[in-house]
Amino acid sequence: MNKILEVKDLSVSFDTYGAEVKAVRGVSFDLEEKETLAIVGESGSGKSVTAQSIMRLIQMPPGKFVNGSILFNGEDLTEKPEKQMENIRGKEIGMIFQDPMTSLNPTMTIGKQIAEGLIKHRNMSKKEAHLKGIELLKLVGIPTPEVRINQYPHEYSGGMRQRAMIAIALACNPKILIADEPTTALDVTIQAQILDLMRGLQEETGTAIILITHDLGIVANMASRVAVMYGGKIVETGTVDEIFYHPKHPYTWGLLGSMPKLDIEEEELQVIPGSPPDLADPPKGCPFVTRCPYAMSACTKQMPAYTNISDTQKTACWLLDDRAPEVQIPESAIVGGSEINA
Amino acid sequence: MVTYILKRLGYIILSLFFIITITFFLMHAAPGGPFASERALTPAIEAQMNEAYGLNDPIHVQYLDYLVSAFTFDFGPSFKYVGQEVSDIIRRGLPYSLVLGLEAMFIALAIGVLLGVIAALKHNRFGDYTAMIIAVLGISVPSFIMAAVLQYIFAIQMQLLPIARFETFAHTILPAVALASTPLAFIARLMRSSMLDVLSTDYIKTAKSKGLGQRVVTYRHGLRNAILPVISYIGPLVASILTGSFVIEKIFGIPGLGNEFVVSVTNRDYTVIMGTTVFFSVLLLVSILLVDLVYGLVDPRIKVAAKGDKG
Ligand SMILES: Nc1ncnc2c1ncn2[C@@H]1O[C@H](COP(=O)(O)OP(=O)(O)OP(=O)(O)O)[C@@H](O)[C@H]1O
Ligand SMILES: [Mg+2]
């Protein structure tokens, strides 16, 4: 498999009044052709900042690249001039946002919004772009696309808007599609349809997907690999099987434990007690230390290095150090067969 | 669409009715009358004049006469200027006021929008601060002081522009700028905050994520949405320009409608007061209607009402 994207030690900060918010602190991951990588983690862990950094959509200032590189086809995107980035956005990498109610321009027809990218990157005429737009709307499952193409976003339902958004993102056959919580704002039945659509289109076009979500159910359905983020860092990464069946990081255990289970009767959902770290003044050691039931003194002092569990799984946790006590994975984090396919 | 416009026209007529009624009774509640100030008149002559102009009729008869004259746009002769019809006075003053008003509106909109956009694009930098200082000055300095300051600087000190009257284009510049200053400042601030809002929306991110250039993103996607609040401000803008013109025309000695209106009020020239009031009201109400129609063209979400009417 070929790596098409390599994020290496990426750090992104925001200069705010009085403090530097270190939103992403040394994140590394690869994306292979045609695969789906899920990035999971709770709110504020830096998922969107990571995703938008790849597209260079972060406002700079206040944002800034502190460190690291983003290699796409061997070229570092963090150093590309803005003009050259324009030829990557939309053409090589497409993006879908969380809320389809706000991610489409309310005063422009859907057709024009799809056509823009085609005209820019494919040198199409307005007419060609219009016809291609109809084709794309049909592809993403919008009925009577010839009519719908001339409508405005407010004439679409939420699910249809997200379909239109997918059509925009995939218009120029990008090699990578970044989907930042594409279904969080939609209701459950529509969620499933949108995910099905994305999976189907991926099979057709061979686009690699970076899928950002909090929902482990979606991960199990969609992804081949998972990166678990916490406090601006990736604390564990591995294949879906590894993360679900052999998780090594206490935060991953917590995430799995807070997933609703179908086969076990539970009084209430498990939650991870405590709140995430203040990224304006992040802890010196492991960011999870204040909430980790297994925290040791080493955890407060230094961020643990990654331990290679397998060729594909890496975990940053002091529990994996030789000197650490043996800890058993808690009952609640053990995943049965059923909920993964839920 | 047609039903919608008809409905709106109905409202305009209703509003006019109230405006006329209120003006009529206020006018008569104010002490004095059209012939009261001319001391030379003997009571006998004054009584005769009142009789001739129908001022001795019972108030409800006068009121009905006014209503009829207002809705036929035939206000009759001026009480003060013998032999002049109200419509002549309006026709004479209108061109001046129209030029002044349109020029001021153009300045307020063009420069206001420009300053607002610059401020938003240079957010928290030099350009932003400069534009907002201009805006705060414009809002806090009343137009009559602005007028005097402009006259002092550009006419007296620099001798660049004529100080008063309204003859050539050069004459129009100072009064138009003075008249525009307050709404201009308001528009600049409105535009700035609306542009900042729009630039931080998701759909701007979407536009960028398509690979569109900075300029296309800012203007095609940003400006068009950000300008919507400014369009809805055009109604109040017309009102502000109208009322501002009463003062500015006086200061610059412009023989426009605003001036005519002020003079007619001090003279208790009932027919002229009524004529200009109705004229101004119609102008304002119609421009508000036009603004709403234009808004519907720019913002597709608004068309829903019109479409509902059609179907
Ligand atoms: N423009 C900004 N200025 C200051 N801080 C920012 C800015 N954008 C993001 N942050 C901070 O960066 C951190 C990470 O934010 P990010 O949006 O990446 O979280 P996330 O993992 O996507 O969360 P969610 O699941 O809620 O979308 C947050 O603490 C946030 O406050
Ligand atoms: Mg996010």
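Predicted model: local features only at pLDDT ≥ 70, side-chain atom pairs only at ≥ 80, totals over all residues.
**Before you start**

Residues are numbered from 1 along each chain as its sequence is written, while chains are lettered from A and ligands numbered from 1 in the order in which they are written. Local features need pLDDT of at least 70 and side-chain atom pairs count only at pLDDT 80 or more, whereas totals for chains, interfaces and linings use all residues; side-chain values use heavy atoms, with hydrogens and water left out.

**Stop 1: the sheet of chain A**

Select β2, β1, β4 and β5 of chain A. In that order they make an open sheet of four strands, paired antiparallel. At the edges are β2 and β5 (75-76), each with a single partner strand, so one side of each has no neighbour in the sheet. Strands here are DSSP runs of E, at least two residues long; helices are runs of H or I, at least four; both are numbered from the N terminus. Two strands pair if DSSP finds at least two bridges between them.

Now keep β1 (residues 3-16) and β2 (residues 19-32) of chain A. Their antiparallel pairing runs over 11 bridges. Go to K3(A): E32(A) in β2(A) stands opposite. Then go to T16(A), whose bridge partner in β2(A) is A19(A).

**Stop 2: two cis bonds**

Select residues M60(A), P61(A) and P62(A). The bond joining M60(A) and P61(A) is cis, with omega about -15°. The bond from P61(A) to P62(A) is also cis, with omega near 10°. Most peptide bonds are trans. P61(A) sits in the loop between α1 (47-54) and β4 (63-72) of chain A, and P62(A) lies in the loop between α1 and β4.

**Stop 3: where the chains meet**

Show both chains. Pick K205(B), S209(B) and K210(B): they supply 27% of the area that chain B buries against chain A, more than any other three residues.

The interface has two salt bridges (a side-chain nitrogen of Lys or Arg within 4 Å of a carboxyl oxygen of Asp or Glu). Zoom in on E116(A) and R220(B), whose side chains meet in a salt bridge at 2.5 Å, N to O.

**Stop 4: inside chain B**

For "transmembrane region", an unreviewed UniProt entry lists several spans of chain B, including residues 133-156 and 168-188. Such annotations may be inferred rather than shown by experiment; positions follow the numbering used here, and feature names are shortened. Select residues 133-156: 92% helix, 0% strand, end C-alpha atoms 25 Å apart. Residues 168-188 are 95% helix and 0% strand, with end C-alpha atoms 29 Å apart.

Finish at Q159(B), in the loop between α6 (143-157) and α7 (169-199). Q159(B) is not a glycine, yet has a positive phi of about 55°.

Notes: Buried area = accessible area lost by both parts, 1.4 Å probe.
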